[in-house]
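Please keep the sequence and structure in view while reading.

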Amino acid sequence: MARFTVNGKSVDVKVNPSMPLLWAIREHVGLTGTKYGCGIAACGACTVHLDGAAVRSCVVPVAAAEGRQVTTIEGLAPGGALHKVQQAWLDHEVPQCGYCQAGMIMAVAALLKDKPRPTDQDIDATITNICRCGTFQQVREAIHAAAKA
Amino acid sequence: MITTPKVSRRAFVIGSAAVGSGLALGLKVPFGPGVVRAQDGTPEINAWVVIRPDDTVVVRVARSEMGQGTITGLAQMVAEELECDWSKVTTEYPTPGQSVKRKRVWGDFSTGGSRGIRMSHEYVRQGGAVARTMLVQAAANAWGVPAGECSAASSVITHKPTGRTVSYGKVAEAAAKLTPPDKVPLKDPKDWKLIGKSMKRLDTLPKVTGAQVYGFDLRLPGMLTATIKDCPVFGGTVKSFDADKVKGMPGVRHVLPVGASAVAVVADTYWEAKTALDALPIVWDEGPHAKVSSATIADVLKEGLGAPQAFVNNKNGDAPAAIAAAAKKVEAVYGYPFQNHATMEPMNATARYTPDRCEVWVPTQNGEAAFAATLAASGLPADKCEVYKINLGGGFGRRGAFHDYVTQAVLLAKQLPGIPVKLLWSREEDMLHGKYHPVMQAKVTGGLDASGNLTGLHLRLSGQSILTAVFPQMLQNGMDFLTFQGLHASGDFAIGYTVPNLLIDHAMRNTHVPPGFWRGVNINQNAIFLECFMDELAHAAGQDPLEFRRKLMASHPKHLAVLNAVADRAGWGKPAPPGVYRGLAQMKAFASYVAACAEISVAGGNKVKVHRIVCATDPGYAVNPAQIERQIAGSFVYGLSALFMEECTVKDGRIEQTNFDTYDSMRIAQMPKVESIIMPSGGFWGGVGEPTICVAAPAVLNAFFAATGRRIRTVPLKHHGLTLV
């Protein structure tokens with residue numbers, strides 16, 4: 001059992017505290033924009049913000065979210081608007097299959113909060129999500145565009 | 001949630017009988033002069049184009065969108081001929097069940113082999129053209145004027161003499177009642193306005209908001225979620241399992257056998273199912289292959305390199321004699337491993353079964369194949385089955401010919417009638433039960449005369465046949481012609497060199513590890529075998545690798561054109577930046593001509609940086625250049641990940657790698673700058689999603705030799721101590 005806030009709404013999930021936050025979000029809160037890719041924090045498809053920092057939710061026990069603020073792709077921008085990263089993704093047509101993109105966008109949004117004008121080196125060091133379609137060239141373009149937005 | 005294609009009360013379906021009759025299948029389309037009514041009473045003529053009164057155009061697309069942009073490209077082709085307002089275009093999938101009822105009006109659903117556009121461009125354009133003709137005729141009828149006096153543009157029909165106009169939505173119902181013309185002339189490519197333009201993809205927004213529903217995300221009322229373990233040794237079975245040990249665990253509803261080789265836990269949620277499955281004691285009968293390893297497989301292939309018997313695919317002259325008589329003989333042995341697709345979204349399918357109906361929701365590259373798997377597993381006839389396609393979280397060939405996960409989901413659902421069962425594979429299951437890139441070795445032998453001219457070439461392949469395992473009916477007297485992709489004498493996969501004495505043959509050596517179609521299929525290894533060896537020959541002859549190739553390519557002008565294009569753009573023959581070295585490769589695959597020039601540097605002898613790859617492709621026609629650029633760059637990510645990082649090794653009959661920690665994939669830091677030269681020469685339709693993948697690896701390997709003097713002949717490079725940085 002854990003109480004925390006998801007996208008500004010308080011939730012109370014009655015689950016084993018060792019359940020990964022990913023599955024609490026997907027199967028108990030019912031938000032499926034956050035994806036399962038590996039379950040071992042290798043791919044980043046499950047990236048969400050925990051108190052504003054990017055975490056790979058497939059290895060964060062739900063107990064660790066107790067009392068904290070979780071933000072998912074659905075809550076990145078309030079009220080149906082697009083966050084500047086999402087807008088840049090749209091403008092640069094980044095997604096191919098799209099499955100990894102929610103995690104990618106969440107990782108980038110956290111990066112831009114820390115470093116509003118990231119260098120290519122910052123991007124290389126921070127954005128380590130796997131994309132099997134291979135959208136990286138557009139991802140990089142869109143990050144720089146979002147930073148300027 | 002998932003939308004099943006349906007015609008709204010106020011929508012009208014327009015199209016043409018010619019569309020269907022143009023198909024290779026030669027099936028008669030059941031639509032004639034009479035108006036066919038959809039379930040809601042809407043008059044239908046045919047199935048490609050739906051126009052709503054608000055002028056929204058819904059284009060039905062049978063191929064599957066898995067990121068490659070095919071729904072956008074196909075919609076562009078319909079819209080080109082339809083002359084509709086692109087801003088009002090949307091798409092939807094017809095279902096395989098509807099297709100069966102309509103005698104396959106939508107043609108082939110299969111989305112693989114880079115076929116999406118190149119195999120359906122004609123009939124989808126006809127669909128648009130016929131619909132436009134009918135809309136114009138309906139307007140002309142309403143105005144009492146000859147159709148020839150009317151024109152259509154941007155969803156508006158204009159009567160030129162009087163300037164009267166009407167929008168498509170207003171005449172759609174009347175148009176739907178008209179007899180479709182047999183065949184309408186298609187536009188000359190020079191008049192295209194949408195085809196060839198980088199129209200924005202139609203499916204981006206839900207992918208950036210998290211709203212897009214993938215198979216993993218599906219929710220149905222009363223649904224349970226299952227996860228599964230199949231015997232880790234291919235060919236093994238379940239001996240026993242102790243369900244009582246896990247039945248009391250939270251959320252667990254059922255522990256069920258699935259076929260002879262698998263066990264699934266069905267629970268309220270995935271996490272509960274997985275937790276219980278991990279705790280479930282299962283005893284396997286590992287079957288006859290439990291001792292097989294990568295080393296034993298390699299030995300079998302090695303024997304094939306010198307075996308007297310082999311399938312000959314491409315032969316002219318007498319290569320062995322020419323090589324024996326050559327002034328200089330060059331020989332090299334190459335190897336390519338098993339590789340998994342590792343789609344980001346693991347395999348999954350959802351099924352609901354009752355004795356009267358079986359429905360499946362599945363991300364699939366081939367709705368019809370999923371439908372066939374549903375029929376077979378459910379035992380129900382076609383009129384009692386349906387498959388709803390969901391967009392895919394990656395395909396790359398894993399979700400086309402193979403629907404093992406559909407079979408499993410239906411077998412589970414049959415044991416729980418009426419309950420929708422969503423079967424999700426863990427990443428580990430996905431890694432252990434792939435349909436792997438075939439394992440292959442090659443011995444390549446070449447003879448050079450005293451002037452360094454290539455007089456003979458023998459390329460002996462030894463390894464797995466995909467067709468033998470998957471579509472044995474397609475073998476040609478036992479030969480798997482797909483094994484020779486990129487090496488054929490002619491056709492969509494024609495070799496680009498003229499060699500006076502040539503022999504390309506295949507000693508088929510199959511293994512118990514199931515092979516499959518993996519993005520690019522057999523061009524991945526064949527491009528390495530051929531193009532790295534061309535580089536070896538050039539160096540043995542003391543010639544520039546570009547000039548050496550050019551001499552053999554005089555009769556292959558389109559191959560040569562793309563090679564020249566990358567050489568020119570990359571500045572081949574001019575000094576590279578300090579420490580940077582170049583390598584070349586070219587191929588024809590899936591009817592497109594492709595070439596690459598890679599620029600790399602090597603630090604410390606083992607840290608490889610790929611700075612830039614210039615790539616050229618001639619796909620005949622380029623429908624959406626921006627999406628082609630993305631496919632090129634994306635194919636290099638897949639191809640370079642495979643080159644540097646990926647092998648599924650076999651130990652004790654099973655695959656050893658279980659996740660991305662041991663089966664890695666390229667990250668953004670390792671991404672080279674990809675420069676694309678799209679040079680469509682017209683007159684043919686080539687593929688886009690796959691062809692370019694094959695030239696990245698040999699171009700990088702040849703550049704690595706240029707940088708270090710070291711030849712690497714087996715994949716992946718991690719086994720040689722090399723890392724991509």
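B:Thr158 in strand S8 (residues 156–159) of chain B stands opposite B:Thr165 in S9(B). This is a predicted model, in which local features need pLDDT of at least 70 and side-chain atom pairs count only at pLDDT 80 or more, while totals for chains, interfaces and linings use all residues. Residues are numbered from 1 along each chain as its sequence is written, and chains are lettered from A and ligands numbered from 1 in the order in which they are written.

**Strands of chain B**
- S8(B) pairs with strand S9 (residues 164–167) in the antiparallel sense over four bridges, where pairing requires that DSSP finds at least two bridges between the strands and a strand is a DSSP run (E) of at least two residues, numbered from the N terminus.
- The hairpin of S8(B) and S9(B) has four residues between the strands, and B:Gly163 in its turn has a positive phi of about 75 degrees.
- Strand S7 (residues 150–153) also pairs with S8(B) in the antiparallel sense over four bridges, with B:Ala153 opposite B:Val156.

**Contact between the chains**
- Chain B places 45 residues in contact with 44 residues of chain A, contact meaning that C-beta atoms, placed from the backbone, lie within 7 Å.
- H18(B) gives the largest share of the side of chain B that touches chain A, eight residues.

**A loop residue of chain A**
- A:Arg117 counts as exposed because it has 9 C-beta neighbours inside 10 Å, the cut-off for exposed being 12 or fewer other C-beta atoms within 10 Å, with C-beta atoms placed from the backbone.
- The C-alpha atoms of A:Arg117 and A:Lys148 are separated by 7.5 Å, although the residues are 31 apart along the chain.

How values were computed:
Buried ≥ 20, exposed ≤ 12 C-beta atoms within 10 Å, placed from the backbone. Contact = placed C-beta atoms within 7 Å.
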